[in-house]
Amino acid sequence: MQNKNNLINIKDLGINFGKASAVKQADMIIKQGQIMGLVGESGSGKSTLANAIIGLLPHAANIIGGTMDFEGRDMLKFTKNQWQELRGREISYVSQDPMSALNPTLRIGQLMVDIQYGSDDTNEVKLKCALDALEQVRMPNSKSRLDMYPHELSGGQKQRVCIAMAIMSRPKLLIADEITTSLDATLEVQIIKLLKELQSEIGCAMLFVTHHLTVVEALCDEVTVMYNGVIRETGSVQKVFSSPSDDYTKSLLLCDPARIQEKCRRLPVMSKLELKSISDPKMDKARIDLLAVPALSIDNLRVNFTKQRSLIDLLQRRPGMCIEAVKDATLSVAIGETVALVGESGSGKSTIARAVFRLVKAQGGRVLFDDADLLKATPHEMRAVRNRMSMMMQDPIGSLSPRTTIGAAVVEPYIISGQSSELNLGEEANRLLELVGLPSDFSNRYPHELSGGQARRVGVARALALNPKLVIADEPTAGLDVSIQGEVFNLLASLREKMKLSILIITHNLHVVRHLADRIVIIYQGQIVETGDTETIMSNPAHDYTKKLLAANLQAKY
Amino acid sequence: MIGYTVQRIGVAILIVLLATTALFVMIQFVPGDPANVMLGPRATPELKEALRERLHLNDPIYIQIYYFFLGLLQGDLGVDLTSNRPVTSIIAEQAPYTATLVISVLLVALMGIPIGTYAAVHRGGSFDQISGVVSVSIIAVPPIVIGLYLILLFAIQLRWLPAIGAGEGFWEIIKHLVLPTLAIGLTWIGYVSRLVRASVIEVLMQNHVKTARAFGIPENKILRRYVLRVALPATVTVLGVSIGFILSTDVIVEILFSRPGIGKLIYDAVISRNYPVVMGTVLAGTIFIVVATTLSDLLNVMLDPRSRKLNS
Amino acid sequence: MTTITVKPLTKFARILQIIRELCSSPLVVFSLVIVLLFFAVGITADYIAPYDPIKIDIRNKLSGPSWDHWLGTDQLGRDVLSRLIVGTKIALYLAVTSVSIALIIGIVLGMIAAFTNQWIDWALLLVFDTVKSFPGIMFALTIVALFGPSVNSIVVVIVFSTFPSYARLVRTQVMSLRNSEFIEAQRAMGSSLPRILRLHILPNVIGPVLIVASMDVPLVIGVEAGLSFLGLGVRPPTPSWGSILNDGFLFIRNTPWIVFAAGLPLILTTVAFTSLGESLRDILDPKLRK
């Protein structure tokens, strides 16, 4: 019978937070052994739905209607005991942030034994079970890991432990809530591969919650698309991705920069779905002036970080631990050119940007800007430089002073450089906000009242206040939904066409970079491993690491 | 870990040295000639001069400090000006009374832990609200007022409990401990319970607790191993640091209840300008506080595995 | 995670919102009233006291509450109510002076510690820890032994015992702010250090410190009560809450109401300041909400 096959049957489910509705009339069916992808942008309600299935909704949430069945049993009527029996045994949950998911005061082995609290086996048997689970998730040195504390493991290893804990009891359903969002692309590939293998070994069903469309395509059989609490479309991955029937799904697929093959002038965004591809590549290249002196030239930059020495080290004259964050980096940005510095977390890319701005001390090398070596400039000279070069920082809301209004924030560069008396700051603020597409009444808002995308735009506005020659953008698309990434991209693209702006983008997002950057520089563990123009690198990577990076980011089939 | 311990102990010793020096310098400004006080007004000038020589009172300050530390290392804190007995033995006599009081206060304060935990787990409920109001009120009121009101009610109106002295014999001692302990301890129960409540609430919201629940681990086990184990170490540190305040309040309470102890000792010494005793007691108190703070710091580090050296 | 759109609020509206939240709890409203009363009585004390607080009237000594003397008289026939009212003046003076001085010293030292090199920071931390290691009352007794009992001795004692905690708090706050991204953005824009301090660090630091300071007012009042009770605080015949407690204690067996009456303003003000401070802190700390 069809019902026997349905592991999870959700009909018309509604979940509210106070008066605001997070999930409206949701229908979803997960069959045994099926891998279901739950896709949506932030605020779509996908995590709320996932939390509801394991019964871990936050206090403020109420289920206001509908039904939710597990193998025919009504979950909404479960008692506390029934939920306890279900969790960890028949339904398992792996959460997004592996860093904080493990109790820091317990060893891994103790944690994994705790989870088996229901069984009567002896401790040794339970530990053996834990060991087996660790082996199954391909954890290196699994025996010694059992004795370690969580803080002694890396992020990827912690995630493996969480997955191991989830599969230990051979659950019928595994819920993975954005488990790869905080991981680097190369790591994400490994985890996805692992999940696929585990699923075929154990035969459990999976609910994979994410906003990475490429991952869903690779991993899942079925997909459900959510927007604003409503389920817009559901069906097999093949069908939905190749011929979506719902408008939102269509726009979502269209707007994902990863699915756009040809390089384009403007990416489609939710509001404007047309793709503007580059018609005349020569005209596009014309904005780059390769004959003049490059706008920014970094030669053999070296940056080391020394750990603070404790009192004992000081007394024993032991030198502190030294980390070479940037080793011998050389790159340049021509006038009008957009160069992307691509690497994963910890590669040193942000450090290079900070060194250029003298926010961290460099131990060697030269940074040439406007015929001056920035590393040797006096503070007075640096002030003049900062008029012509600006930086957009990574955290959009965090890089704005919490007690300064947006209007005051965007004109701050004028005040700092002493040019404020000659201008009407209010008008300037409006002009800048308009430039980035924000209404002028945003002037009175505070940073915490903005969304991520809006705050990013404010960052762009502030960076452009003094009409700089060069902008360094640190992860401009990080943390943004896929559709909003396109908006930021379009903004930067239109600005550089208007202003002959040179841009150095620091990022790990190869998808947007493919469209925006003229040249790509790949950095790995502090060293630049490859440079070249975008098309060449994308189609014909030379270095091994570049190949790995490309495979992780772009390949749809694993 | 070992490195941190050594460093911490070194800092503690440094603090004691600094505190002692500061104290010594301050005492120098106390008016009055010690020789006069010790020998009485009828002593001859030669006798007084001889005494001054013996006590190094004519030497520059740093020499006096040096001799003081020398004596300190040998356990000699000087001599009581009025009774001529060594200060160390006077302190040793009075210390047990104070110690009993401090320990009973600590025990009473520990009751705040279950109260705070329960309030946190049943947040917003009637217990939480009532205990919240009561705690805040009690924390605010100065112990002296609490003590006086306790005396008014229990000693004078109801005549249930004694309000003077320390008592002899086990049960009498306990009876005499009740009101003084409550005078200091009520504040501390309130303080500890607020602290624990805030700590537990914060930990309850953390991801590893949610993960533990997602695996169906029963709530009381979660409370024990996942919440309290993470939330309590911070409380331990605060308690250790608060020993200073407990000692401070203890002085007043001893006077109020006419109990023997370090507090009464220093009070009498200050009134009679008996500066070796003042020095000695304040020093003893300081050392005690530094030891307590250092121990609680080290305990906190020991309890948190994150501070141990990474193997890989 | 639902996105709830937040309407932009002006500064004024935000303050109104805080006040509205504060007033939602009856305890807090009560505390606000008491605090305001404290300031009002303290400032106008000399004018509103019905009798001269130091006027001695032996014939009337130790009389209980009556229509003439609402709270009775003490052992020298002085009106207890008037003495309590004038005592408010002393309490107010102590609270304002000691906390302000300690705050200024603490903020300055804390900022210095946060911005200098490792050595000076270390040395300052050592100083803070050393000062904190002195048993409070014992130190107070020593100061009194040196300078004699007076209101200003109490100020010295309180400033000395409280500035290390303010300094440490400021230092921690500033150090964490210093590494935050918006400060980095300021530096990237070329903002000078004084400007960053003035516009971006100080406003973010003052809030928590002020709240902690307001919760130290009960401590100040308590220390005065304790010291005056020991006879080492305010010099007689000046009335202070603590000295009235002391007078009352001597006669507690026959005339308990003096102690009772003197305890009341102490309890009221200390509870009021503490609950006000705690509520403010809860409102302004997003972690503790809901």
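I count a residue as buried if 20 or more other C-beta atoms lie within 10 Å of its own, with C-beta atoms placed from the backbone. I keep in mind that this is a predicted model.

**Entry 1: strand E21 of chain A**

I began with strand E21 (residues 519–524) of chain A. I found E21(A) mostly covered, with six of its six residues buried. I then looked at its two faces. In a regular strand the side chains alternate between the two faces of the sheet. On one side of E21(A) I listed Arg519(A), Val521(A) and Ile523(A).

Next I looked up the strands paired with E21(A). Strand E15 (residues 338–342) of chain A runs parallel to E21(A), and four bridges join them. Val339(A) has Arg519(A) of E21(A) as its bridge partner. Strand E22 (residues 527–533) of chain A runs antiparallel to E21(A), and here I noted six bridges.

The hairpin of E21(A) and E22(A) has two residues between the strands. In this hairpin, Gln525(A) takes a positive phi near 50°.

**Entry 2: Glu152 of chain A**

I located Glu152(A) in the loop between helix H6 (142–145) and helix H7 (155–167) of chain A. Is Glu152(A) buried or exposed? I have it as buried, because it has 20 C-beta neighbours inside 10 Å and the cut-off is 20 or more. I also checked Pro104(A), which is 48 residues from Glu152(A) along the chain. Their C-alpha atoms are separated by 9.9 Å.

**Entry 3: chain A overall**

I noted 22 helices and 22 strands in chain A. Of its 558 residues, 48% count as buried. The C-alpha atoms fill a box of roughly 75 × 65 × 50 Å along the principal axes. I compared the radius of gyration with the globule rule. A compact globule of 558 residues would have a value near 24 Å, and the 26 Å of chain A agrees. For contacts in chain A between residues at least 6 apart in sequence, 68% join residues at least 24 apart.

**Entry 4: chain A with chain B**

I found 27 residues from chain A and 25 residues from chain B in this contact. On the side of chain A, helix H3 (80–86), helix H4 (108–115) and helix H13 (311–315) each give two or more residues. I sorted this side of chain A by class and got 13 nonpolar, eight polar and six charged residues.

**Entry 5: chain B with chain C**

Here 39 residues of chain B are in contact with 40 residues of chain C. The chain B elements that give two or more residues include helix H1 (2–27), helix H11 (219–256) and helix H13 (275–303). By class, this side of chain B has 32 nonpolar, six polar and one charged.

**Entry 6: a helix pair in chain C**

H5(C) passes H6(C) in a right-handed crossing. Among the contact residues I noted Phe139(C), Ile143(C) and Phe147(C) of H5(C), with Val156(C), Val157(C) and Phe160(C) of H6(C). The contact has eight nonpolar, three polar and no charged residues.

Conventions. Residues numbered from 1 in each chain as written. Chains lettered and ligands numbered in written order. Predicted model: local features only at pLDDT ≥ 70, side-chain atom pairs only at ≥ 80, totals over all residues. Contact = placed C-beta atoms within 7 Å. Nonpolar A, V, L, I, M, F, W, Y, C, P; charged D, E, K, R; others polar. Rg over C-alpha atoms; globule rule 2.2 N^0.38 Å. Buried ≥ 20, exposed ≤ 12 C-beta atoms within 10 Å, placed from the backbone. Left-handed = near helix turned anticlockwise from the far one by under 90°. Pairing = 2+ DSSP bridges.
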